[in-house]
Amino acid sequence: DERFGPFNYMLGTQAFHAKYRFTTESLLLESARAIADMGSNILKCEITSRAFDLYHLPKNPQIRSMRDMIEKEPSYQSVLEMPFAYYQFWAYAFSGKDTCWFDGLSADERKSQYNEFYELTAYLLTRFNNSRKTFYLGHWEGDWMLLKGFDLSKDPNDTAIEGMIDWLNVRQQAVDDAKRQIPHTNVEVYHYTEIVAALKSMRGGKTLVNNVLPKTNVDYVSYSCYDAFYRTTWDDAFVNTFKEALDYIESRIPQKDVPGKRVFIGEYGFPQAYARTPQEQDRIIRL
């Protein structure tokens with residue numbers, strides 16, 4: 001309806017690690033069509049150099065950046081023209097590894113990260129001007145990246161913490177600069193970080209929320225919220241814990257002129273083994 005903006009259904013799914021396909025289309029395009037057929041107006045996928053292998057795309061030596069990928073790869077062009085109102089991208093610059101910042105962000109790395117994110121944002125603002133589409137540029141679960149592993153009993157080192165702060169800030173600066181310098185209407189581009197260790201953060205632990213987030217200027221925070229579901233017995237009390245976690249994360253985000261709540265749920269759920277019956281699993285996940 002032209003009188004109103006796109007309605008945020010809040011619920012979507014992702015297009016990352018499909019194991020099979022039914023057509024000759026790329027895994028990205030086939031997955032996007034299936035998600036649209038479900039009725040969702042949100043698509044979550046990757047813009048990375050891994051996309052060639054991840055989505056079974058033909059290798060193209062002319063694609064050397066994130067902007068190149070969405071501008072020159074037909075599968076990306078197709079999904080961007082689909083009637084999705086919201087796109088969440090795991091976005092990693094082609095220039096450098098995903099964790100290039102782990103040993104500190106060098107001047108060259110800072111420049112290359114900035115350039116790729118500026119060019120990507122500028123393209124999205126220009127190409128989709130007046131489209132009413134919203135794009136979120138972010139990354140996968142940052143606490144694991146900080147630790148280079150999956151053991152929350154360990155703490156990230158200070159060099160990695162400072163490197164991640166610099167990495168997030170330079171990405172955000174590129175997005176902000178492009179939005180300020182490129183004329184645009186009815187299209188939005190935001191930048192987000194994703195966290196995992198909310199409960200450890202609430203206990204005062206050394207985490208992305210406590211040690212990185214307050215020193216950044218990110219627009220939003222995604223919470224991959226499986227830690228809120230880890231338990232051996234179930235009752236409805238976990239709902240309060242979950243809300244407390246969301247509020248705590250929100251409290252650590254520096255103030256910025258971004259409307260509404262600035263924490264969203266990036267991933268959620270739990271296996272049936274955590275519940276006594278499928279019906280109980282269904283009931284709990286709806287809480």
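Colleague: What ground rules apply here?

Modeller: This is a predicted model, so local features need pLDDT of at least 70 and side-chain atom pairs count only at pLDDT 80 or more, while totals for chains, interfaces and linings use all residues. Residues are numbered from 1 along each chain as its sequence is written, and side-chain values use heavy atoms, with hydrogens and water left out.

Colleague: Why is Lys 200 called buried?

Modeller: Buried means under 20% relative accessible area, exposed over 50%, and partly exposed in between (1.4 Å probe, protein chains only). Lys 200 comes out at 11%, so it counts as buried. You'll find Lys 200 in helix H8, residues 198-202; helices (H or I, at least four residues) and strands (E, at least two) are DSSP runs, numbered from the N terminus.

Colleague: What makes the pairing of Lys 200 with Asp 155 a polar contact?

Modeller: The side chains of Lys 200 and Asp 155 come to 3.0 Å. A polar contact is a pair of N or O atoms within 3.5 Å; within protein, one must be able to donate a hydrogen and the other to accept it, and residues adjacent in sequence count only if both atoms are side-chain atoms. So the 3.0 Å pair of Lys 200 and Asp 155 qualifies.

Colleague: Which residues does Lys 200 contact, leaving aside neighbours within four places in sequence?

Modeller: Contact means heavy atoms within 4.5 Å. With those neighbours left aside, Lys 200 is in contact with Leu 152, Lys 154, Asp 155, Gly 205, Lys 206 and Thr 207.

Colleague: Lys 200 also lines the largest cavity. What makes that space a cavity rather than a pocket?

Modeller: Both come from a 1 Å grid over the protein atoms alone: a cavity is a set of points where a 1.4 Å probe fits but cannot get out, whereas a pocket is an open set with protein on both sides within 12 Å along at least five of seven lines. Lining residues have an atom within 4 Å of a point. Here the structure holds one cavity of 30 Å³ or more, and the space in the largest cavity is about 30 Å³. Grid points are joined across faces, edges and corners, and a volume is the space filled by probe spheres set on the points.

Colleague: How is the lining of the largest cavity split by class?

Modeller: Four nonpolar, one polar and three charged. Ala, Val, Leu, Ile, Met, Phe, Trp, Tyr, Cys and Pro count as nonpolar, Asp, Glu, Lys and Arg as charged, and the others, Gly among them, as polar. So Lys 200, Lys 206 and Asp 143, which line the cavity, are charged. Helix H6 (residues 142-147) gives the most to this lining, with three residues.

Colleague: And the second largest pocket, what is known about its space and lining?

Modeller: About 310 Å³ of space lies in it. Its lining has 17 residues, with Gln 14, Ala 18, Tyr 20, Ser 31 and Ala 34 nearest the centre. Helix H1 (residues 27-38) supplies the largest share, six residues. By class, the lining of this pocket divides into 11 nonpolar, three polar and three charged.

Colleague: Why does Arg 132 count as partly exposed?

Modeller: Arg 132 has a relative accessible area of 25%, so it sits between the 20% and 50% limits. Arg 132 lies in the loop between H5 and E4, and its phi is near 65°, a positive value in a residue other than glycine. Asn 130, found in the loop between helix H5 (107-127) and strand E4 (134-138), also has phi near 65°.

Colleague: Last one: what makes a group of residues a nonpolar core?

Modeller: It is a set of buried Ala, Val, Leu, Ile, Met, Phe, Trp, Tyr and Cys residues joined through side-chain atoms within 4.5 Å. The largest one has 90 residues, and Tyr 55, Trp 101 and Tyr 223 have the most contacts inside it. Helix H7 (residues 158-181) gives this core its largest share, 10 residues.
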